[in-house]
Each structure stands twice: as structure tokens, then as C-alpha cells.
Amino acid sequence: MNIALTKVSENEIKSLISASSRGPVLRARNLSKAWPRQPYLLKNINFDLYAGEMAGVIGKSGSGKSTLLQLLNGMQSISGGEILSHYDAGKLIDITKLKRRALTSWRSRCSMIFQDYCLVPRLDVLTNVMLGRLHHTSTLKSLFNLFSEADRSRAISLLEWMNMLPYALQRAEYLSGGQMQRVAICRALMQNPNILLADEPVAALDPANTHLIMSALCKIAGQGVAVMVNLHSPELVKKYCSRVIGIAGGQIIFDGPPSGLNAKILHQLYNEKD
């Protein structure tokens, strides 16, 4: 990650993303999710996710945004449809059919960051970042914190990029929310993903940290990674994202540029009847 984490203007953000746009890396086809004895939370979801794009997913609470990301990552099983990826030498693979080691490998290519950070509080920052390499390290070595020098070097470089290197030996439990999220991004990038899913990554952050995290996600997209981020705020989508997917009533009702988010669409997204 050879980019500096500096302030970025809105125009620079858009140019970073558009300059890196490539072909599709993931396809959702007729994707559905239902719970036992409950109606469908998501139904007939269809979209392609492209390398180098910054796609924002919006909709009111309970609309299925988080569930969608968990389905894509393989954390939850689908009720219908398929999720196709080009990750295996260009061959289309339905990731919903993957099991065990193959599913773990997929999750390393399709990383997630969460609203609650999911760090190990009692471990230091550097170790938390290197935990992103667990899939590539034997269980025995990881138990004794025996990561390779290459992994340690990359973790240090990522922390420096996110302006977190001074905290490398500090326990994660003593960090602020914004600092924790920066560490979580570094951990996700240790997996060398081609897809990064971010589930409400700025919901608990102040405006300054929100800008820092969103700018970092834009720069990651600018490096060719497909980034999909769940957000509550249409304003954040308009400022940082190159594409917006709006979900209401369990279905996609809008998929296009943020400039298309007019009052009618926003009303459908946030004022639908239960």
C-alpha cells in the first residue's frame, strides 16, 4: 500500500476511484435470505461488484444491509440464488458452495471490517494487525506469535500508512474508536483482499475520524480493491462513493451514481411502511 494517508478532496476521491475501475470481481444473482417462519429479509438481489469501485449500500435499519455483506463474505448461508466470484484463475466459482478451507480462503480474499472493530483488547496493536495473516500461518505459530518477518514488516508499513505506528506496542483496549477502526483496516489489508466489505465502519465515530476512515477506504478502492460499505448517511455516500445501492423491502430499488439519489428515492428508502 504505497499511498500516504493525507487529506483528500471530493474531486480527488472521485478521480482515484474512476481511474482504477476494472472488471467485475463478484456477482450476486437472485440472492435471497429468509429466517425460519419469517418472511424474506432479502429477495432477488442482483448486482455486479467491480474492482476499484467504492460502492455504498444504504437503507433504513433492519433493511438487510449487514446481512447482505455477511452473505457475500460467507458468514451466513443463503436461502436462494448464487454468489459468483472470479477469484480462482478467472474461473467463476459459486462461493456459497465452498466448504472449510476453501471458505476460509475466500474470507481472506473478501475481508470484512465491522462497526465494533472486533480487535482482541488485551493484545497489542501490532499483533492485532498480524492476526490478519492467520489463514497463511500455522495454528501453532500463531499461538506463540511467531509471524514471519515479512508479515511483521507489512504490518508495520500498514500502521505507518494509517498513522498508527506510534501505538504499535500499545494494547488495543486503550485506543479510541477511530484508532481501533484504523487498526481494523490494517488487519483486513494484511489478508491482501481483492474485496473489502465494511459494515457501518463510521457509525460510532466523530466527523474528523469519519473523514479519515472514509478517505482511507477510497484510497484502498483507488488501488484496485472492490470496496462495499454500509452507511446510514446519504450525505456520506454522495461525498465518498462512486456508486450507491439502495435497499428497501428486501430488494434493491436503486443502483447507480450518488447523483441519482433524489427525494423520491430517499423517501422510498427511509420511509417505507413496515
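Guide: Axes here are lines fitted to C-alpha atoms, for helices over the stretch in contact (heavy atoms within 4.5 Å), with angles running from 0 to 180 degrees between N-to-C directions. This is a predicted model, in which local features need pLDDT of at least 70 and side-chain atom pairs 80 or more, while totals for chains, interfaces and linings use all residues. Residues are numbered from 1 along each chain, and side-chain values use heavy atoms, without hydrogens and water.

Visitor: Are helix 7 and helix 8 roughly parallel or roughly antiparallel to each other?
Guide: Helix 7 (residues 177-189) and helix 8 (residues 207-222), both DSSP runs of H or I with at least four residues, pack with their axes 10 Å apart at an angle of about 15°. Because angles under 35 degrees count as such, the two helices are roughly parallel.

Visitor: Which residues of helix 8 make the contact with helix 7?
Guide: Helix 7 contributes Gly178, Gln181, Arg182, Ile185 and Leu189. Facing these from helix 8 are Asn209, Leu212, Ile213, Leu217 and Ile220.

Visitor: Which members of the largest nonpolar core touch the most other members?
Guide: A nonpolar core joins buried (under 20% relative accessible area) Ala, Val, Leu, Ile, Met, Phe, Trp, Tyr and Cys residues through side-chain atoms within 4.5 Å. Of its 52 residues, those touching the most other members are Met54, Ile185, Leu217, Ile220 and Leu231.

Visitor: What is the phi of asparagine 192?
Guide: Asparagine 192 lies in the loop between helix 7 and strand 7 (195-199), and its 47% relative accessibility makes it partly exposed, between 20% and 50%. Although asparagine 192 is not a glycine, its phi is positive, at about 55°.

Methods. Buried < 20%, exposed > 50% of the residue type's maximum accessible area, 1.4 Å probe, protein only. Parallel < 35°, antiparallel > 145°, perpendicular 65-115°, else oblique.
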